[in-house]
Amino acid sequence: MGFTDYEQLTLSRRDNGVLLITIDRPEKYNAADEGMHAELARIWRDVAADPDVRVAVITGAGKAFSAGGDLAMVERMAGDYDRVSAMLTEMSELVYNMINCDKPIVSAINGVAVGAGAVVALLADVAIVAEDARIGDGHVKLGVAAGDHAAIVWPLLAGMAKARYYLLTGEMITGTEAERIGLAAKALPREDVLPEALRVAEVLATGAQQAIRLTKRALNNWLRNAGPIFDQSAAYEMLTFMGPDVIEGYTALREKRPPNFG
């Protein structure tokens, strides 16, 4: 496979079957618009299908990993039933395609990771984060329920108390704290994040492939068992995209002021 039809993901084949995927929209801090979101959902099927890929590493171009959903996309979605319905399908594909990809995924979280960026960052099998990176699920601050990935994986990684706190408040967390509470496997100085991710990928790519893949499959049954929780949270997020709070949420972001929810 050539991976030739990706516009916002830059792909580079490395030795031993390692595929480096770079989220490549640095002028927008790698924020996900409709095109990028579709590519992030689809790439994991292609990774799984390519016999020459053993491990995927994903990182962001420039200073950010991915600064969430593009605000213009949020505005286009608000109150638009057809767009919201399509996004519900696509966000489910993103989550389940990552979970069901039989090959290991390593995230090199080199900067801010929010929204779709946090999905990819935290659903990776091994997450390596910059100590000064900032990770968060800001859905409630936008006026929508925390869908995407949060309900399925934050309680499992960090425990219910931390998941409740961060998902209900929408507060951001540093990479150092993310490692401390279990959201990430390692926190390192920013310049060391990608080299370490590639080192881990090399270990995985040169290991016993069947053993590694079956271990991943078994571990991810924890996430599959939580599938109904994710499905509900995703539906709730899309439901709140049809309400008034999201309009106030994105307007407040545009005007750089606190939102005034009713």
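In the predicted model described here, helix 2 (71-77), helix 3 (81-100), helix 5 (139-142), helix 12 (227-240) and helix 13 (245-255) each contribute at least two residues to the lining of the largest pocket. Helices (H or I, at least four residues) and strands (E, at least two) are DSSP runs, numbered from the N terminus. The volume of the largest pocket is about 1,000 Å³. Among its 40 lining residues, Ala-67, Gly-68, Gly-69, Val-114 and Leu-253 are the closest to its centre. A pocket is defined on a 1 Å grid over the protein atoms alone as an open set of points where a 1.4 Å probe fits, with protein on both sides within 12 Å along at least five of seven lines, and lining residues have an atom within 4 Å of a point. Grid points are joined across faces, edges and corners, and the volume is the space filled by probe spheres set on the points.

Because the model is predicted, local features need pLDDT of at least 70 and side-chain atom pairs count only at pLDDT 80 or more, whereas totals for chains, interfaces and linings use all residues. Residues are numbered from 1 along each chain as its sequence is written, and side-chain values use heavy atoms, with hydrogens and water left out.

An open sheet comprises four strands in the order 4-6-8-9, with mixed pairing. Its edge strands, strand 4 (66-67) and strand 9 (173-174), each pair on one side only. Strand 4 pairs with strand 6 (residues 113-114) in the parallel sense over two bridges, and pairing requires that DSSP finds at least two bridges between two strands. Ser-66 stands opposite Ala-113 of strand 6.

Helix 4 (residues 116-123) is largely enclosed by the rest of the structure, because eight of its eight residues are buried. The buried residues of helix 4 include Ala-116, Val-119 and Leu-123. Buried denotes under 20% relative accessible area, exposed over 50%, and partly exposed in between (1.4 Å probe, protein chains only).

A search of the whole structure finds 16 salt bridges, each a side-chain nitrogen of Lys or Arg within 4 Å of a carboxyl oxygen of Asp or Glu. One of these joins Asp-102 to Arg-213, with the closest N and O atoms 3.8 Å apart. Asp-102 lies in the loop between helix 3 and strand 5 (105-109) and Arg-213 in helix 10 (residues 209-219), so this pair ties together parts that are 111 residues apart in sequence. Asp-102 is partly exposed, at 27% relative accessibility.

Lys-216 and Asp-125 also form a salt bridge (2.9 Å, N to O). This pair links helix 10, which holds Lys-216, with the loop between helix 4 and strand 7 (126-130), which holds Asp-125, across 91 residues. Lys-216 is buried at 7% relative accessibility, whereas Asp-125 is partly exposed at 32%.

Within helix 8 (residues 175-181), Glu-177 and Arg-180 are three residues apart and therefore separated by about one helical turn. Their side chains meet in a salt bridge (2.8 Å, N to O), and Arg-180 is exposed, with a relative accessible area of 56%. Elsewhere, salt bridges that share partners join Glu-34, Arg-76, Asp-80 and Arg-83 into one network.

On the surface, Leu-156, Leu-219 and Trp-222 form a nonpolar patch with about 360 Å² of accessible area together. Patches consist of residues with over 30% relative accessible area and no salt bridge, with like charges joined within 9 Å and nonpolar side chains (Val, Leu, Ile, Met, Phe, Trp, Tyr) within 5 Å. Leu-156 belongs to helix 6 (residues 150-158) and is partly exposed, with a relative accessible area of 43%.

Note on methods. Areas by Shrake-Rupley, 256 points an atom, 1.4 Å probe, with all protein chains shown as cover.
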